[in-house]
Amino acid sequence: MPKNFLLCIECLAKRGYLHESTSLNYHLKMRSAFILSVAIFLVLFVPKNSYSQQQEADSLYQSLQRNAPGNLLPDTSNINTLNDLATNYRYTDMDSLLKYVELAQQLAEDIGYSKGYFESLYLRGWYHFYKGEYRKSLEVSNSGLAHPDIFNFPEKEALLNQLIGTSYASQGDYHLGLNYFLRALELYRQVDKDIDEFQILNNIGVSYFQLEDYERALEIFEELDSLRTLSSQSISLPVNLGFINYELGNLDEAEKQLMRIINYEGEEFDQRAIGLSTYKLGQIYLQRNQYPLALENFNRSIEVYDQYEKNLKKYNH
């Protein structure tokens with residue numbers, strides 16, 4: 001179990017919270033792998049609500065062109081629509097995502113439609129990544145980078161580099177992951193993709209954080225934070241700023257950043273931001289000897305990750 005968790009629990013026990021610390025010890029052992037992931041897994045897109053999503057899926061499905069026997073026509077329009085269908089199910093129905101990606105990839109290979117092929121390959125790699133199958137995700141993504149046509153599609157090359165970097169980072173190899181993130185950033189800047197550059201800079205900043213280069217990480221996240229107002233797509237920024245300032249000993253600034261998450265009243269966002277923020281707030285309050293507040297935040301963090309695990313199991317089955 002990570003040393004900082006043990007220190008939290010030991011401190012609570014010494015201050016008279018023996019029963020609570022025993023319970024906390026058990027739950028934090030179960031959740032430590034999630035909580036210590038920091039923000040590299042925070043998604044920057046919010047799924048659509050199920051009603052509007054199903055409407056869009058129905059519309060896309062109806063637009064598929066078929067021949068007289070009812071088979072899909074092998075053309076670029078159908079391939080693009082199949083990839084759009086897969087993307088539509090990206091956070092809600094993994095079986096449907098894989099079904100449409102496989103159809104798109106096969107048709108793209110049949111007619112030599114490289115752009116559609118790389119899009120389906122990325123989505124297939126993303127599918128394996130989301131399922132926690134990192135080696136398979138790396139295998140799929142690297143096959144795309146080895147394709148002779150990939151250099152004609154820098155945006156797709158950037159996506160695959162980003163996915164590879166995230167797969168390595170998810171396994172704790174931030175040095176190797178950072179190389180792919182930096183390559184992805186170079187490619188994104190070639191095609192001027194603002195939202196993609198934002199995501200990749202976020203992951204570069206997290207990599208520097210995990211490599212304990214806190215000053216460089218802080219520089220990246222402060223720049224990103226100055227460019228955007230807080231929204232569901234940028235919710236990871238104050239989380240990262242809170243973690244970094246904590247490591248630099250700036251507890252007041254860390255608390256200020258983390259409370260931006262707690263007090264956020266905008267659109268729905270990834271609740272792991274709450275789990276991470278309350279965990280780190282618990283550590284801050286421990287350092288200030290505010291033990292009831294520390295315990296309250298640690299427990300809230302556990303509750304968030306309990307719910308996250310339940311949702312993840314639902315999406316993966």
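Predicted model: local features only at pLDDT ≥ 70, side-chain atom pairs only at ≥ 80, totals over all residues.
1. Let's begin with helix α4, which covers residues 76–88, and helix α5, which covers residues 94–111. Their axes lie 8 Å apart, and the two helices pack at an angle of about 155°. Angles over 145 degrees count as roughly antiparallel, so α4 is roughly antiparallel to α5. If you look at the handedness, the crossing of α4 and α5 is left-handed.

2. Which residues make this contact? From α4 come Thr76, Ile79, Leu82, Asn83, Leu85 and Ala86. On the α5 side you will find Leu97, Tyr100, Val101, Leu103, Ala104, Leu107, Ala108 and Ile111. Sorted by class, the contact of α4 with α5 has twelve nonpolar and two polar residues, with no charged ones.

3. Now turn to helix α13 (residues 251–262) and helix α14 (residues 272–287). Here the axes come within 9 Å and cross at roughly 150°. Because of that angle, α13 is roughly antiparallel to α14. The crossing of α13 and α14 is left-handed.

4. What meets what between α13 and α14? In α13, look for Leu251, Ala254, Glu255, Leu258, Met259, Ile261 and Ile262. They meet Ala273, Ile274, Ser277, Thr278, Lys280, Leu281, Ile284, Tyr285 and Gln287 in α14.

5. How many residues of each class are in the contact of α13 with α14? There are eleven nonpolar, three polar and two charged residues.

Conventions:
Residues numbered from 1 in each chain as written. Heavy atoms only, no water. Axes fitted to C-alpha atoms, helices over the stretch in contact; angles between N-to-C directions. Helix = DSSP H or I, 4+ residues; strand = E, 2+ residues; numbered from the N terminus. Parallel < 35°, antiparallel > 145°, perpendicular 65-115°, else oblique. Left-handed = near helix turned anticlockwise from the far one by under 90°. Contact = heavy atoms within 4.5 Å. Nonpolar A, V, L, I, M, F, W, Y, C, P; charged D, E, K, R; others polar.
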